[in-house]
Amino acid sequence: MKIFADTANLKDLKELISWGIVDGCTTNPSIVAKEKGVDFKTRMKEIIDLVDGPVSIEVTTNDLHEMITESKKYAAWGDNVNVKIPMGITGLKAVNILNKNDIKTNVTACMSTKQAVLAAKAGATFVSLFWARMEDMGYNSELIVGETAEIFERHNIKSEIILGSFRQVSHINRAMLSGAHILTIPTPILKKLPWNPRTKSTIDEFLKSWEEFNKN
Ligand code: E4P
């Protein structure tokens, strides 16, 4: 199970990397927009250098020609870059062209198995399904991810499934079991995962015993 950090915040990224749990990083225009006053290229290059694994940078256009131009620019920033391309007909065309140019892609905002299979067929390195946004639509995220994973395995499809769009800790266990290869998780949720009240009370109890032992 790989875990990516769904953030463009350098301080958060450094902290999470120090835990030894970060296999990659994903960004999107909304995530970048939270980083007030930073230069986009500078920040992306800092992330690319920091992360020992794939880094997703998203295109900011719906135009095919502009997608290709942006993608080539981002791909030149580092060997670990993959370009996030929006799901859709134009996106599929872009992935097909980029794949032939050896540029890695992450087809984003997929909300169905059918979209994920098309993205993979077009040559996507990664296919991103959005857990909470699918649930917002009344879809069964577990079923969609499970079916997608089964189809990929049955047909030996090489694209990796990234699951994103998590809003609660309770999503994470279900998502880990769903069949996705990668979970990309925002910092506030990642920071809650190590914590458990019974773990804390147990450690406190052990330390208290140790203090008492040393009083004698
Ligand atoms: C990750 O690749 C996605 O861009 C991100 O997880 C989307 O999350 P959201 O649905 O909270 O915007």
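**Figure 1. Residue classes in the shell around the ligand.** In this predicted model, the shell around the ligand comprises one nonpolar, five polar and three charged residues. Here Ala, Val, Leu, Ile, Met, Phe, Trp, Tyr, Cys and Pro count as nonpolar, Asp, Glu, Lys and Arg as charged, and the others, Gly among them, as polar. The shell consists of Asp6, Thr26, Asn28, Lys84, Phe130, Arg133, Gly164, Ser165 and Thr184; a residue is near a molecule if one of its heavy atoms lies within 4 Å of it.

Figure 2. A polar side-chain atom of Asp6 is found 2.6 Å from a ligand oxygen atom. For Arg133, a polar side-chain atom likewise lies 2.6 Å from an oxygen atom of the ligand. In the side chain of Ser165, an N or O atom is 2.7 Å from a ligand oxygen atom. The protein buries 85% of the 340 Å² that the ligand exposes when taken alone; accessible areas come from the Shrake-Rupley method with a 1.4 Å probe.

**Figure 3. Ser165 in its loop.** Ser165 belongs to the loop between strand S7 (160–164) and helix H9 (169–177); helices (H or I, at least four residues) and strands (E, at least two) are DSSP runs, numbered from the N terminus. Phi of Ser165 is near 65°, a positive value in a residue other than glycine. Most residues other than glycine have a negative phi. Ser165 is classed as buried because its relative accessible area is 16%; buried means under 20%, exposed over 50%, and partly exposed in between (1.4 Å probe, protein chains only).

**Figure 4. Asp102 in its loop.** The loop between helix H5 (89–100) and strand S5 (105–110) holds Asp102. Asp102, which is not a glycine, has a positive phi of about 60°. With a relative accessible area of 73%, Asp102 is therefore exposed.

**Figure 5. Glu135 in helix H7.** Helix H7 (residues 131–136) includes Glu135. The relative accessibility of Glu135 is 28%, so this residue counts as partly exposed. Glu135 and Ile157 are 22 residues apart along the chain, and their C-alpha atoms are separated by 25 Å.

**Notes to all figures.** Residues are numbered from 1 along each chain as its sequence is written, and side-chain values use heavy atoms, with hydrogens and water left out. In this predicted model, local features need pLDDT of at least 70 and side-chain atom pairs count only at pLDDT 80 or more, whereas totals for chains, interfaces and linings use all residues.

Methods
Polar contact = N/O pair within 3.5 Å; in protein donor to acceptor, adjacent residues only side chain to side chain.
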